[in-house]
Amino acid sequence: MWQRILRFGKNFYVASGLGLLVWVLFFDANDLVSQTRHWLKLRELESERAYYEQKIEEVKAQRKEILGNNRRLEKFAREKYLMKKSTETVYVIVDENNEPIEK
């Protein structure tokens with residue numbers, strides 16, 4: 001059996017092909033390990049992209065809601081940026097998740 005394997009190993013094309021395969025899988029700049037790392041990083045970045053796209057949609061909806069109503073714009077400025085008139089004090093009551101109770 002070993003003689004049979006050695007006979008195939010002596011063939012130039014088989015030896016060259018195996019050598020090339022080993023080189024590409026383990027020693028090349030784009031080896032199997034690097035490709036796996038890049039693939040995992042791509043999946044991570046795609047999930048982050050989906051998260052940020054969702055957040056962008058939420059901000060767009062909030063912006064549309066706020067800019068369409070002057071009363072809500074004033075309320076948002078007072079709550080988010082603590083803007084107030086010089087003669088008043090602003091208190092924002094929040095729940096356990098640090099979200100304003102009144103929406």
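Reader: Tyr81 first. Buried or exposed?
Author: Tyr81 is exposed, because its relative accessible area is 55% and the cut-off for exposed is over 50%. Keep in mind that this is a predicted model.

Reader: And Phe76, what's its relative accessible area?
Author: Phe76 has 23%. That makes Phe76 partly exposed.

Reader: How many aromatic pairs turn up in the whole structure?
Author: Three. One of them is tilted and joins Trp23 and Phe27. Their centres are 5.7 Å apart, with 40° between the planes.

Reader: Where does Trp23 sit?
Author: Trp23 is in helix H2, which covers residues 12–27.

Reader: How far apart are Trp23 and Phe27 along H2?
Author: About one helical turn, because they are four residues apart in that helix.

Reader: What about the rings of Phe76 and Tyr81?
Author: Their centres lie 6.0 Å apart and the planes meet at 80°, so this pair is edge-to-face. The angle cut-off for that class is over 60 degrees.

Reader: Which residues make the nonpolar surface patch?
Author: Leu20, Val22, Trp23, Val24, Phe26 and Phe27. The patch has an area of about 640 Å². So the tilted pair, Trp23 and Phe27, belongs to that patch, because both residues are on its list and pass the 30% accessibility cut-off for patches.

Reader: New topic. Where is Asp31?
Author: In the loop between H2 and helix H3, and H3 spans 32–67.

Reader: Is Asp31 buried or exposed?
Author: Buried. Asp31 has no salt bridge, though.

Reader: Which side chain of opposite charge is nearest?
Author: Arg37, at 6.3 Å. A salt bridge would need a distance within 4 Å.

Reader: Then which side chain does Asp31 make a polar contact with?
Author: Ser34. Their side chains are joined by a contact of 2.6 Å.

Reader: Now the start of H4. What does Asn69 reach?
Author: The backbone nitrogen of Arg71. A side-chain oxygen of Asn69 comes to within 3.0 Å of that nitrogen. Helix H4 itself runs over residues 70–80.

Reader: And what follows H4?
Author: Leu82 comes after H4, and its phi is positive, near 55°.

Terms used
Residues numbered from 1 in each chain as written. Predicted model: local features only at pLDDT ≥ 70, side-chain atom pairs only at ≥ 80, totals over all residues. Heavy atoms only, no water. Patch = residues over 30% accessible without salt bridge, like charges linked within 9 Å, V, L, I, M, F, W, Y side chains within 5 Å. Areas by Shrake-Rupley, 256 points an atom, 1.4 Å probe, with all protein chains shown as cover. Helix = DSSP H or I, 4+ residues; strand = E, 2+ residues; numbered from the N terminus. Phe/Tyr/Trp six-rings, centres within 6.5 Å; stacked < 30°, edge-to-face > 60°. Buried < 20%, exposed > 50% of the residue type's maximum accessible area, 1.4 Å probe, protein only. Lys, Arg positive; Asp, Glu negative; His and termini not counted. Polar contact = N/O pair within 3.5 Å; in protein donor to acceptor, adjacent residues only side chain to side chain.
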